[in-house]
Amino acid sequence: MNMPAQDPIRLAIAEAVQQVHDTTPMAPSFTNFVTINLVANAQLACGGSAAMSFLSNEFSAVAALAKAAYINVGTLMPSYPDALRAITADLKESGKPWVLDPVAAGLGATRTNILMDMRHNPPTIVRGNASEIIALASMWGLIEGSSSNGPEGVESADDVQSAIEPARLLARFLAQHSPDGKAAVAVSGETDLVTDGTRTFRLPGGSPLMTKITGAGCSLGGVTAVYLCVAEPLIAALAASALYNVAAECAVRTLTSYTKVNPDTVALGPGTFQPAFLDALAAATPEQVASATLLEDK
Amino acid sequence: MNMPAQDPIRLAIAEAVQQVHDTTPMAPSFTNFVTINLVANAQLACGGSAAMSFLSNEFSAVAALAKAAYINVGTLMPSYPDALRAITADLKESGKPWVLDPVAAGLGATRTNILMDMRHNPPTIVRGNASEIIALASMWGLIEGSSSNGPEGVESADDVQSAIEPARLLARFLAQHSPDGKAAVAVSGETDLVTDGTRTFRLPGGSPLMTKITGAGCSLGGVTAVYLCVAEPLIAALAASALYNVAAECAVRTLTSYTKVNPDTVALGPGTFQPAFLDALAAATPEQVASATLLEDK
Amino acid sequence: MNMPAQDPIRLAIAEAVQQVHDTTPMAPSFTNFVTINLVANAQLACGGSAAMSFLSNEFSAVAALAKAAYINVGTLMPSYPDALRAITADLKESGKPWVLDPVAAGLGATRTNILMDMRHNPPTIVRGNASEIIALASMWGLIEGSSSNGPEGVESADDVQSAIEPARLLARFLAQHSPDGKAAVAVSGETDLVTDGTRTFRLPGGSPLMTKITGAGCSLGGVTAVYLCVAEPLIAALAASALYNVAAECAVRTLTSYTKVNPDTVALGPGTFQPAFLDALAAATPEQVASATLLEDK
């Protein structure tokens with residue numbers, strides 16, 4: 001059942017969105033080359049600020065000015081294992097919360113080494129698709145063996161349902177190592193799943209077009225880090241997923257309205273969806289985000 | 001003369017487009033930073049899947065899951081000569097076909113070393129502009145001296161016509177080293193040219209706006225690799241060029257129709273062309289792609 | 001007071017824009033990964049050509065074919081300090097003018113080392129926000145201490161007014177080291193400021209949406225380098241800023257007109273602004289650019 005309008009969770013989501021609009025928080029990112037532009041533009045569109053860096057001294061200098069950070073292991077370069085080891089150690093030492101997108105977890109020796117290292121200086125929020133969450137939970141010894149069918153490159157080979165238990169265990173592990181004992185895991189899929197290890201929420205909605213552009217997940221991680229600057233992990237993850245669902249639906253409505261005005265257009269494609277989605281990210285009000293469909297598993 | 005509708009080449013193109021729609025093949029890419037986002041989005045739009053990587057262990061792990069791959073030497077980094085040597089050797093050993101975009105061939109010592117190395121582990125398809133094809137054929141000793149006027153940076157200084165013979169010789173060389181004895185070369189220009197070394201095809205059409213956005217050629221290479229997952233080299237190269245011409249023309253029609261509905265717009269520019277082009281890539285049917293203008297040199 | 005229509009400065013701006021349209025000059029770029037695509041597309045849209053490179057031998061090979069170049073220190077990699085030292089020395093030796101965007105000047109040890117090195121082989125034009133201009137002038141000992149409030153990541157923490165004197169001193173320093181004794185500094189903000197060290201101009205206009213997309217400043221630097229291929233530094237900087245203001249205003253008019261035709265749209269957002277802005281860059285005539293609001297400080 002959709003959560004009531006006055007539920008404290010919804011109020012906290014609205015508050016987080018409003019605070020981002022009011023304070024323009026900057027969350028620095030160490031992210032992949034494919035979608036780095038979309039991550040930055042999504043962070044700006046949601047009301048935050050962006051700064052990208054790949055050297056540990058540069059990243060730590062920016063992170064010192066920020067309240068949260070974002071790391072995405074998409075396109076690795078030879079210097080990244082050392083840089084990420086230093087950066088995650090710095091983040092731990094300064095007690096700064098951060099979001100990890102474990103892109104293609106399980107694929108390639110360098111990526112596995114980097115993700116294994118992060119077990120010692122873990123993030124506050126992990127956001128990934130089902131295969132990535134299962135692979136990371138397995139890699140960190142939180143579940144037995146690997147029940148994952150993937151990865152198939154960067155796409156998920158598992159459905160969100162199969163990642164529920166790994167996500168909960170992962171969230172509890174993160175919370176144990178979190179500065180304030182709080183953490184969250186977000187699993188992206190047709191219905192997004194967000195858990196803090198105790199409570200578990202589902203966010204249906206959005207649009208299948210989100211899977212037809214590259215970077216929907218990566219940029220969601222970046223926006224989650226912006227919200228993490230102003231809210232606790234569970235609320236940050238919920239607010240970001242809610243915003244993405246609301247904005248995707250708004251973008252589809254806008255593109256559909258173009259087709260009505262001008263039947264000659266080939267609208268509702270991935271090309272025009274991305275700019276319409278960024279417009280919608282920027283236009284969404286705290287009330288609209290907070291009223292996204294939100295179900296709690298009991 | 002435009003080839004007849006029931007020509008086996010056209011049927012094979014339609015079949016390749018349909019198979020990509022049905023099976024969502026993933027072709028990993030090692031590509032430049034300028035257009036990496038467009039490459040990924042074009043691969044998704046045509047119905048395939050994308051995964052970008054720059055480390056040899058990562059690339060080989062993804063390539064092991066794929067039926068074809070894409071390498072583009074646009075923006076080189078210090079680690080690339082070693083990485084590309086290992087990756088191309090791996091691709092040869094596993095008998096996996098791949099597409100090369102020899103961006104700016106002839107320019108700079110590192111690029112020349114990398115392309116000279118690839119003579120030993122050559123691709124299955126080369127796609128480039130006329131200057132790049134001539135430069136590569138010359139560099140590999142397939143033509144005497146260099147009849148190229150270029151390169152002028154990344155733009156072609158030669159016309160497609162002057163690249164016909166180098167393209168044919170290059171295609172025959174690639175075929176000799178190909179796992180199944182088949183290969184192709186595609187020369188992009190006002191009229192695209194595709195040859196397998198024996199037969200030579202021309203694909204007029206598309207739009208001059210393709211030259212006003214960065215990455216039309218790079219992303220065509222990535223889409224060619226997606227088709228190479230499901231078709232032989234000649235058909236993959238023809239299908240990709242045909243798709244690009246059909247989609248560019250569709251995008252121009254869409255943008256022109258906007259201008260009719262709303263005369264105040266500055267449409268038909270490179271900015272709105274790119275999203276409209278991606279929409280058109282996603283909307284093109286196998287029949288539409290297979291009915292692109294296609295001429296054979298006799 | 002807005003400068004008169006027949007002022008020699010305006011005529012020179014129109015001439016520069018026309019020459020770029022006529023000769024398609026290529027200005028190679030060493031730039032950051034976040035906005036590299038927008039830099040290239042903006043250079044193409046304004047009528048120039050683009051080529052991106054990160055290795056000194058590659059960059060110098062392209063720069064030898066070009067009349068000006070662009071360096072942006074946004075996302076640094078471990079190989080950049082050595083590469084940039086070699087590239088800037090090559091540019092000095094060949095007497096080739098270039099544009100520097102000192103992104104986030106003052107932040108991080110590697111960035112500071114790179115920018116300190118450039119004091120010995122300085123650019124011809126520096127374009128940055130107020131904080132970056134102040135930080136660079138301070139770093140190079142041109143002003144006492146640092147009166148900067150920033151940087152706050154990549155955003156400016158100072159207003160343009162506070163950067164006037166640092167900008168003038170910086171421009172005079174650059175002119176002393178310039179091949180032909182000419183140089184310019186451009187400070188981006190709500191009102192852009194351009195100075196050659198003697199005369200100082202202000203360009204109000206543009207759109208607040210320019211601050212809502214990533215890369216407005218980076219791509220302005222790339223377009224400035226294209227104009228620097230055909231014009232002296234002061235005119236190149238003025239022409240680029242004038243073009244950006246004119247194009248931003250045109251893009252806003254276009255998006256507003258969409259909303260009138262189709263009230264269901266969420267237009268005027270950052271997502272649709274970027275493609276509309278690129279369209280407007282491509283559509284702007286020399287006369288339109290030359291008639292931008294342009295004030296001279298007396």
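1. **Ground rules.** Local features in this predicted model need pLDDT of at least 70, side-chain atom pairs count only at pLDDT 80 or more, and totals for chains, interfaces and linings use all residues. Residues are numbered from 1 along each chain as its sequence is written, chains are lettered from A and ligands numbered from 1 in the order in which they are written, and side-chain values use heavy atoms, with hydrogens and water left out.

2. **How the chains are related.** The copies were superposed by least squares on the C-alpha atoms of residues with pLDDT of at least 70 in both. Chain A can also be laid on chain B by a turn of 120 degrees and a shift of 0.0 Å along the axis, with an RMSD of 0.0 Å. In chain A, the C-alpha nearest the axis belongs to A:Phe33, at 3.8 Å.

3. **Contact surfaces.** The copies use different surfaces: 9% of the contact residues of chain A recur in chain B. Contact here means heavy atoms within 4.5 Å.

4. **The nonpolar core.** Which residues touch the most other members of the largest nonpolar core? They are A:Tyr227, B:Tyr227 and C:Tyr227, in a core of 363 residues. Such a core is a set of buried Ala, Val, Leu, Ile, Met, Phe, Trp, Tyr and Cys residues joined through side-chain atoms within 4.5 Å. Buried means under 20% relative accessible area, exposed means over 50%, and partly exposed lies in between (1.4 Å probe, protein chains only). Leaving aside neighbours within four places in sequence, the contacts of C:Tyr227 include C:Ala16, C:Val20, C:Cys46 and C:Leu243.

5. **A covered helix.** Now look at helix α6 (residues 130-139) of chain B, where 10 of 10 residues are buried. Helices (H or I, at least four residues) and strands (E, at least two) are DSSP runs, numbered from the N terminus. Among the buried residues of α6(B) are B:Glu132, B:Ile133, B:Leu136 and B:Met139. Their cover includes β4 (98-101), α5 (109-118), β5 (125-129), α7 (164-177) and β6 (184-188) of chain B.

6. How many salt bridges does a search of the whole structure find over all chains? The search finds 30. A salt bridge is a side-chain nitrogen of Lys or Arg within 4 Å of a carboxyl oxygen of Asp or Glu. B:Arg199 pairs with B:Glu296, with the closest N and O atoms 2.7 Å apart. B:Arg199 lies in the loop between β7 (192-195) and β8 (200-203) of chain B and B:Glu296 in strand β9 (residues 295-297), so the pair ties together parts that are 97 residues apart in sequence. B:Arg199 is partly exposed at 31% relative accessibility, while B:Glu296 is buried at 17%.

7. A:Arg85 forms a salt bridge with A:Asp117, their closest N and O atoms being 2.7 Å apart. A:Arg85 is partly exposed at 41%, and A:Asp117 is partly exposed at 26%. In chain C, the side chains of C:Arg85 and C:Asp82 meet in a salt bridge (3.2 Å, N to O). Both lie in helix α4 (residues 80-93) of chain C, 3 residues apart, about one turn of the helix. C:Asp82 is exposed, with 55% relative accessibility.

8. **A salt-bridge network.** In chain A, a network of salt bridges links A:Glu165, A:Arg168, A:Arg202 and A:Asp297.

9. **A backbone detail.** Phi of A:Ala104 is near 60 degrees, a positive value in a residue other than glycine. A:Ala104 sits in the loop between β4 (98-101) and α5 of chain A and is buried at 3% relative accessibility. C:Ala104 also has phi near 60 degrees, and is buried with a relative accessible area of 3%.
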